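Let's take a walk through this protein together. Have a look at the sequence and the 3D view, and then we'll go through the charges, the fold and a few salt bridges.

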Amino acid sequence: MDKNTLASLRTLGRPPQGVKNVMEAFLLLIYQPEVMRDWGNCMQKLKTPADVLIKVEQFDPQNCIEATAQKADGLIAGETEESIATKSLEAVIIYKWTRSMVDKVKSGGGLKA
């Protein structure tokens with residue numbers, strides 16, 4: 001994941017629902033407890049890819065609210081790497097990171113709200 005990945009995703013005017021779900025789940029995790037209401041809100045966060053990457057670096061599954069991880073999990077539950085790859089190769093990178101972090105929060109307990 002790098003600035004180019006995020007910049008490319010930001011250029012999607014009307015992404016497929018699976019890509020929207022992946023991005024909402026991703027941004028929900030790193031900007032918790034803010035809620036990503038819509039694609040426009042996601043695009044606002046992606047305006048500064050350097051800030052997003054700092055949040056990714058600083059993300060600690062042990063300090064993630066468990067309910068937030070569960071909500072993110074629900075957003076991507078119907079997706080796989082393969083299903084996302086048919087929509088956006090850049091989104092696959094985000095999906096893999098998000099799936100991995102959700103699984104770490106679930107296995108490590110996360111924070112109770």
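## Charges on average

Start with the charges: the protein has 15 positive and 14 negative ones, and their mean positions lie 5 Å apart. Keep in mind as you read that this is a predicted model.

## The overall fold

What kinds of elements make up the protein, and how many are there? You'll find seven helices and zero strands. Reading from the N terminus, the order is simply α-α-α-α-α-α-α. The radius of gyration is 13 Å, close to the 13 Å that the globule rule gives for 113 residues, so the protein is as compact as a globular protein of that length. If you follow the C-alpha trace along its principal axes, it spans about 35 × 30 × 25 Å.

How do the parts of the chain meet? Take the contacts with a separation of 6 or more: 72% of them are between residues 24 or more positions apart.

Of the 113 residues in the protein, 45% are buried.

## A salt bridge across the chain

The protein has four salt bridges in total. One of them pairs D73 with R99, whose closest N and O atoms are 2.8 Å apart. This pair links distant parts of the chain: D73 sits in helix α5 (residues 66–76) and R99 in helix α7 (residues 89–108), 26 residues apart. Are these two partners buried or exposed? Both D73 and R99 are buried.

R99 has a relative accessible area of 19%, and it counts as buried because that is under 20%. D103, at 36%, counts as partly exposed.

## One more pair

Now find K87 and E79, whose side chains form a salt bridge with 3.6 Å between N and O. K87 is partly exposed, with a relative accessible area of 34%, while E79 counts as buried at 14%.

Note on methods: Residues numbered from 1 in each chain as written. Predicted model: local features only at pLDDT ≥ 70, side-chain atom pairs only at ≥ 80, totals over all residues. Heavy atoms only, no water. Helix = DSSP H or I, 4+ residues; strand = E, 2+ residues; numbered from the N terminus. Rg over C-alpha atoms; globule rule 2.2 N^0.38 Å. Buried < 20%, exposed > 50% of the residue type's maximum accessible area, 1.4 Å probe, protein only. Contact = heavy atoms within 4.5 Å. Lys, Arg positive; Asp, Glu negative; His and termini not counted. Charge placed at Lys NZ, Arg CZ, Asp CG, Glu CD.
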